[in-house]
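Trainee: I have a new structure to read. Where should I start?

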Amino acid sequence: GGSGSKSKSSSMTQLRILRIARITRLIRIIRITRIVRFIRALRTMVHQLTSTLKSLIWAIVLLLLVIYLFAIFFTQSVTNYRVDNSVLSDVSFEDHEIYPDDRTQALLRYWATLPRSMFSLYMSITGG
């Protein structure tokens, strides 16, 4: 009768091992589904972020275009003012000290050239 109890206990041990293996497989499947859900959510977030960045880039391009157009307007207005008031002479736009008038110096400092006008407009937008 001893060999029958040994085979019975060994089959029970094998059955327990089989159950433990099934449980660990089930746990692995649950972990994988959680990871897949996380990856799907991450992929969705990355897609939304890239879509938002495209809109942001177009908004920046539009802002730069508006700044550029207004800089052209202000630079042309300052140049016309200098020509009309005989402030424009053989000196360069860079020579502020030649003009004693404070208004003319301020106009030259902020609006004399197109890049300077664009920078002045950028500073006015950002509070700098």
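Mentor: Start with two terms. A nonpolar core is a set of buried Ala, Val, Leu, Ile, Met, Phe, Trp, Tyr and Cys residues joined through side-chain atoms within 4.5 Å. Buried means under 20% relative accessible area, exposed over 50% and partly exposed in between, with a 1.4 Å probe and protein chains only. This is a predicted model: local features need pLDDT of at least 70, side-chain atom pairs count only at pLDDT 80 or more, and totals for chains, interfaces and linings use all residues. Residues are numbered from 1 along each chain as its sequence is written, and side-chain values use heavy atoms, with hydrogens and water left out.

Trainee: Which residues make up the largest nonpolar core?

Mentor: In general, nonpolar side chains in soluble globular proteins tend to be buried together. Here the largest such core has five residues: I67, A71, V78, W111 and L121. Helix α1 (residues 2-84) gives the most to this core, with three residues.

Trainee: How many helices and strands does the protein have?

Mentor: Helices (H or I, at least four residues) and strands (E, at least two) are DSSP runs, numbered from the N terminus. This protein has three helices and zero strands. Along the sequence the pattern reads α-α-α.

Trainee: What share of the residues is buried?

Mentor: Of the 128 residues, 13% are buried.

Trainee: What does W111 touch?

Mentor: Contact means heavy atoms within 4.5 Å. W111 lies in helix α2. Leaving aside neighbours within four places in sequence, W111 is in contact with F74, T75, V78, A106, S117, S120 and L121. W111 and A71 are 40 residues apart in sequence, yet 7.8 Å apart in space, C-alpha to C-alpha. With the neighbours within four places left out, its contacts are I67, F70, A71, F74 and W111.

Trainee: How many aromatic pairs are there?

Mentor: Rings of Phe, Tyr and Trp (its six-membered ring) pair if their centres lie within 6.5 Å; planes under 30 degrees apart count as stacked, over 60 as edge-to-face and the rest as tilted. By this rule there are three aromatic pairs. F74 and W111 form a tilted one, 4.9 Å centre to centre with 45 degrees between the planes. F74 lies in helix α1 and W111 in helix α2 (residues 102-111), so the pair ties together parts that are 37 residues apart in sequence. F70, F73, F74 and W111 form one aromatic cluster.

Trainee: Is F74 buried, exposed or partly exposed, and what is its relative accessible area?

Mentor: F74 is partly exposed, at 29% relative accessible area.

Trainee: How far apart are the end C-alpha atoms of helix α3?

Mentor: The expected span of a helix is 1.5 Å times one less than its number of residues. Helix α3 (residues 114-126) has 13 residues and should span 18 Å; its end C-alpha atoms are 18 Å apart, which agrees.

Trainee: Which residues of α3 are buried?

Mentor: In α3, R116, S117, S120 and L121 are buried. They cover an arc of only 140 degrees around the axis, which puts them on the same side of α3. That arc is taken from the directions from the helix axis to the C-beta atoms. S120 has a relative accessible area of 8%. Leaving aside neighbours within four places in sequence, S120 is in contact with Y110 and W111.
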